[in-house]
Amino acid sequence: MAPKSDLLQGTLDLLILRTLSEGTMHGWGISQRIQQLSRDVLQVNQGSLYPALHRLEQQGLIEAEWGNSENNRQAKFYQLTRDGRKQLAEETKSWERLSTAVARVLAGL
């Protein structure tokens with residue numbers, strides 16, 4: 001049985017923004033990159049990924065355009081907008097503050 005790896009609410013958006021800070025990617029590529037960077041701890045299913053991408057696009061944090069993938073299939077490619085980069089910086093700072101606080105509680109400091 002695989003260890004539990006549920007994401008906290010809002011964490012998926014942060015992971016997507018961070019992944020797209022590396023460059024333009026299609027949905028499957030975003031999912032694979034998150035899995036790779038988390039060393040297979042985090043696996044983002046399509047039922048969570050595509051609604052999050054749609055939500056981020058509606059918020060103006062990412063933008064998308066159709067193109068051909070590496071296997072010559074039509075795919076929607078996503079990239080960060082200027083507002084997305086600003087949001088990533090703010091959410092990263094907030095996440096670091098939260099994770100430091102949780103680590104302190106766990107350590108009994």
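Residues are numbered from 1 along each chain as its sequence is written, and side-chain values use heavy atoms, with hydrogens and water left out. Because the model is predicted, local features need pLDDT of at least 70 and side-chain atom pairs count only at pLDDT 80 or more, while totals for chains, interfaces and linings use all residues.

Helices and strands are DSSP runs numbered from the N terminus (helices are H or I, at least four residues; strands are E, at least two). Two strands pair if DSSP finds at least two bridges between them. Three strands form an open sheet in the order β1-β3-β2, and the pairing is antiparallel. Strand β1 (residues 25-26) is joined to β3 by two bridges. There, H26 has F77 as its bridge partner. Strand β2 (residues 62-68) is linked to β3 by seven bridges. I62 faces L80 in this pairing. G67 lies opposite A75, and N68 is bridged to Q74. β2 and β3 make a hairpin with five residues between them. In its turn, N72 has a positive phi of about 65°.

Q74 belongs to strand β3 (residues 74-80). Q74 counts as exposed because its relative accessibility is 55%. Contact means heavy atoms within 4.5 Å. Beyond its neighbours within four places in sequence, Q74 contacts W66, G67 and N68. A polar contact is a pair of N or O atoms within 3.5 Å; within protein, one must be able to donate a hydrogen and the other to accept it, and residues adjacent in sequence count only if both atoms are side-chain atoms. The side chains of Q74 and N68 make such a contact at 2.8 Å. L106 is 32 residues from Q74 in sequence, and their C-alpha atoms are 47 Å apart.

Helix α3 (residues 46-58) has 13 residues. From first C-alpha to last it reaches 18 Å, close to the expected 18 Å at 1.5 Å a residue. The expected span is 1.5 Å times one less than the number of residues. Buried residues in α3 are L49, A52, L53 and L56. They sit on the same side of α3, because they cover an arc of only 100° around the axis. This arc is taken from the directions from the helix axis to the C-beta atoms. An α-helix has 3.6 residues a turn, so residues three or four places apart point the same way. The face of α3 turned away from the buried side carries the exposed residues G47 and Q58. The buried residues pack against α1 (11-20), α2 (27-37), β2 and β3. N45 caps the N-terminal end of α3, with a side-chain oxygen 3.0 Å from the backbone nitrogen of G47. After α3 comes G60, with a positive phi near 80°.

Helix α1 is mostly covered, with eight of its 10 residues buried. These are T11, L12, D13, L14, I16, L17, T19 and L20. They pack against β1, α2, α3, β2, β3 and α4 (82-107). Helix α4 has 26 residues and reaches 38 Å from first C-alpha to last, close to the 38 Å expected. G108 follows α4 and has a positive phi, near 75°.

A nonpolar core is a set of buried Ala, Val, Leu, Ile, Met, Phe, Trp, Tyr and Cys residues joined through side-chain atoms within 4.5 Å. The largest one has 19 residues. Those with the most contacts inside it are I16, L17, L20, I30, L53 and I62. α1, α2, α3 and β3 each give two or more residues to this core. α1 supplies the largest share, five residues. Leaving out residues up to four places away in sequence, I16 touches I30, I34, L49, A52, L53 and L56.

Definitions and conventions
Buried < 20%, exposed > 50% of the residue type's maximum accessible area, 1.4 Å probe, protein only.
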